[in-house]
Amino acid sequence: GFIKLLLHSSKKTYSRNMHMMHNNTMNMQMFFTTKTDVYVLFKEWHVQSVGEMVAAVIGVFIFAILSEGLKLFREYVNSFVKTLNLKLIKPKTTIQGEDRSKYETLLPQNSAPRASKANNHLNELIGHSVLTLLQTFQYIIGYLLMLIAMTFNLWLFLAVVLGMGTGYFLFAW
């Protein structure tokens with residue numbers, strides 16, 4: 001019954017897909033090329049000339065640089081959130097000797113050192129939400145760059161790799 005129907009329908013789908021591939025209606029190359037005729041991410045971004053390819057390579061290069069900047073910005077925000085959470089330490093925490101002076105300097109000037117548990121939790125939630133949003137945005141950019149590299153266009157691939165390397169060089173000082 002059901003298994004037979006499932007196997008029969010999957011054979012039909014496989015056969016139809018293979019037929020489409022043999023008729024060149026589905027054309028995806030699996031090797032690097034230097035051709036200028038390439039679709040980049042969207043049907044509307046169809047590169048067809050050398051000038052368009054140069055513009056696409058420059059745009060992808062800058063996009064890759066910014067992706068590294070976003071990664072390092074997220075790490076900076078993460079360290080800021082951790083420092084902010086240290087500023088809000090509870091006074092009940094036992095700190096002995098020199099370590100106490102280090103934490104006291106982290107407390108904001110002219111403010112009460114005791115923060116309520118609700119405020120601490122809210123600050124942690126906001127910080128974690130911002131970091132989650134930045135991480136999600138970083139994933140989106142990373143996957144877009146991966147898809148650009150998967151066009152198997154050598155120039156676009158080099159723009160992704162060299163852009164990410166340049167971004168690391170510029171932002172990771």
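Trainee: Which side chains are joined by the polar contact of 2.7 Å?
Mentor: The side chains of R74 and Q138 are joined by that contact. A polar contact is a pair of N or O atoms within 3.5 Å; within protein, one must be able to donate a hydrogen and the other to accept it, and residues adjacent in sequence count only if both atoms are side-chain atoms. Please note that this is a predicted model, in which local features need pLDDT of at least 70 and side-chain atom pairs count only at pLDDT 80 or more, while totals for chains, interfaces and linings use all residues. Residues are numbered from 1 along each chain as its sequence is written, and side-chain values use heavy atoms, with hydrogens and water left out.

Trainee: Where are R74 and Q138 found?
Mentor: R74 is in helix α2, residues 50-87, and Q138 is in helix α4, which covers residues 117-149. Helices are DSSP runs of H or I with at least four residues, strands are runs of E with at least two, and both are numbered from the N terminus.

Trainee: Is Q138 buried or exposed?
Mentor: Q138 is buried, with a relative accessible area of 17%. Buried means under 20% relative accessible area, exposed over 50%, and partly exposed in between (1.4 Å probe, protein chains only).

Trainee: What does R74 touch, besides residues up to four places away in sequence?
Mentor: R74 touches L131, L134, Q135 and Q138. Contact means heavy atoms within 4.5 Å. With neighbours within four places set aside, Q138 is in contact with L70, K71 and R74.

Trainee: Which side chain of opposite charge is nearest to R74?
Mentor: That side chain is E75, at 4.6 Å. Lys and Arg count as positive and Asp and Glu as negative, whereas His and the chain ends are not counted. R74 is buried and has no salt bridge. A salt bridge requires a side-chain nitrogen of Lys or Arg within 4 Å of a carboxyl oxygen of Asp or Glu.

Trainee: How many salt bridges does the structure hold, then?
Mentor: It holds one. The side chains of E68 and K71 form a salt bridge with an N to O distance of 3.7 Å. Both residues lie in helix α2, three residues apart, about one turn of the helix. E68 is buried at 8% relative accessible area, whereas K71 is partly exposed at 26%.

Trainee: Different topic. Which residues make the nonpolar surface patch?
Mentor: L41, F42, W45, Y139, Y143, M146, L147 and M150 make a patch of about 790 Å². Patches are made of residues with over 30% relative accessible area and no salt bridge; like charges are joined within 9 Å, and nonpolar side chains (Val, Leu, Ile, Met, Phe, Trp, Tyr) within 5 Å. Accessible areas come from the Shrake-Rupley method with a 1.4 Å probe, and for residues only the protein chains shown count as cover. Among the patch members, M146 is partly exposed at 36% and L41 is partly exposed at 31%.

Trainee: What is the phi of L41?
Mentor: Phi of L41 is near 65°, a positive value in a residue other than glycine. L41 is in the loop between β1 (38-39) and β2 (46-47).
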